Amino acid sequence: MSKRKFKKRDGWDFTEVPLRIRQGGVHFFHHYTAKFIPQIPEKFIKMYSQKRNNIVVDPFMGCGTTLVVAKLIGCHSYGVDTNPLAVKITKVKTMVVNKKIVEEIDDFIHWISSRKEYRKTNNTKSLSKTDFRQGEKGTFLFEGSKEWFRNDVAGKIKNILNRTKVYDEHVRDFIKVGVSDLLKGMSNARMDINVPTLPSRPIYIDKKHYYRRVNNRTRYIPVYSRVLSQVLRMKKAILEFNKNINHNLICKPKLGDARELSKHVKSCNLVITSPPYWSAQNYQKLHMLSFKLFGLNIDEEDEIGRNGHDHYQKDMVKVQEEIAKILKGYYGLVIGKDKRNREHLKLVESAKRVGFKLVDRFVRRLSNQTFFSKQIKNEFIYVFKV
């Protein structure tokens, strides 16, 4: 499969699309490593969908980009993921809003707006000793939380979570997703490391952000103000989203395994997905604080990509067999180029053995500058048909 056989069509790189558009609408609700940009499923659905109301499936749903796009275009959608936080985020992004939900969100906004936070000129005096005192008198959020959150911060987070108990389940999750997105930045974790990591000392140098000096004991962390700002933005986005969708469309994010996809979805017209790479991100570690705060868990032994190349290929064969059971149309596979182990080509060959016909293929340049994408310069979009 030579490089020249790939098609480079204008629009697949999306380099002209600014970040505010890529992460516009409800897509900004929660950070999520290695997620789709919405333009990929949007272009795929428009190119290969025969009509509106088709059923679109993403077996590796992540934070729900495909489902959001499908709903905006006018398609039914299902998504499956083993990550309970991803399912929660997707449900919030695609939620149908009614009058009661808006009233409850407004009530929370009114409540949190009335919480007072003061910032004195001298930061070292802005907090009392009890604010950053650790030990038995600190506010308990989860086992070990006193290491991760200063007491004044933990107390405010606890107040917010207690307040959510008076609301409908959808509104509770809406607020919790907003809090979750801010959690690491409000914690004692180093700001220059993606996986939550405690500094060896309260004062450290942030190597990612201009080598500035960070003092976790005294830095100003306006919890209420940050959450208020986040929820106000989320409310505006979800209301706009609801203006542009058909509320009768089916949209179901499900906690489940892609290797058992046919248990969750009986049939569909399109599958568009970006599977985990052969050295998959450990989302439980990346979102460790959210997992602990909300009591979530993933069985790491069941995650695809966690047990080496051989297991990865066997697992992906199972996934593609499951896709073949339910699909009556096109299957889009988005995956990075791997020069060393050529896993992307192995997936194409296994898809053919399962019974798929390769009908199109495109290459797009990755502009993301994360460590992983520096190793993977191009991303391939393979299009199969049953």
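Biologist: What makes the set of 57 residues a nonpolar core?

Modeller: A nonpolar core is a set of buried Ala, Val, Leu, Ile, Met, Phe, Trp, Tyr and Cys residues joined through side-chain atoms within 4.5 Å, where buried means under 20% relative accessible area (1.4 Å probe, protein chains only). The 57 residues form the largest such core, and Phe-29, Phe-108 and Val-227 are among those with the most contacts inside it. α9 (223–243) is one of the elements giving it two or more residues; with nine, α9 supplies the largest share. This is a predicted model, in which local features need pLDDT of at least 70, side-chain atom pairs count only at pLDDT 80 or more, and totals for chains, interfaces and linings use all residues. Residues are numbered from 1 along each chain as its sequence is written, and side-chain values use heavy atoms, leaving out hydrogens and water.

Biologist: Which residues does Ile-157 touch?

Modeller: Contact means heavy atoms within 4.5 Å. Leaving aside residues up to four places away in sequence, Ile-157 touches Leu-141, Phe-149, Leu-183, Met-186, Val-223 and Leu-293. Another core, of 31 residues, lies apart from the largest one and includes Ile-55 and Tyr-277.

Biologist: Why is a space called a cavity?

Modeller: Because, on a 1 Å grid over the protein atoms alone, a 1.4 Å probe fits at its points but cannot get out.

Biologist: What makes His-31 a lining residue of the largest cavity?

Modeller: Lining residues have an atom within 4 Å of a point, and His-31 is on that list, as are Lys-184 and Pro-196.

Technical notes:
On a 1 Å grid over the protein atoms alone, a cavity is a set of points where a 1.4 Å probe fits but cannot get out, and a pocket is an open set with protein on both sides within 12 Å along at least five of seven lines; lining residues have an atom within 4 Å of a point. Buried means under 20% relative accessible area, exposed over 50%, partly exposed in between (1.4 Å probe, protein chains only). Helices (H or I, at least four residues) and strands (E, at least two) are DSSP runs, numbered from the N terminus.
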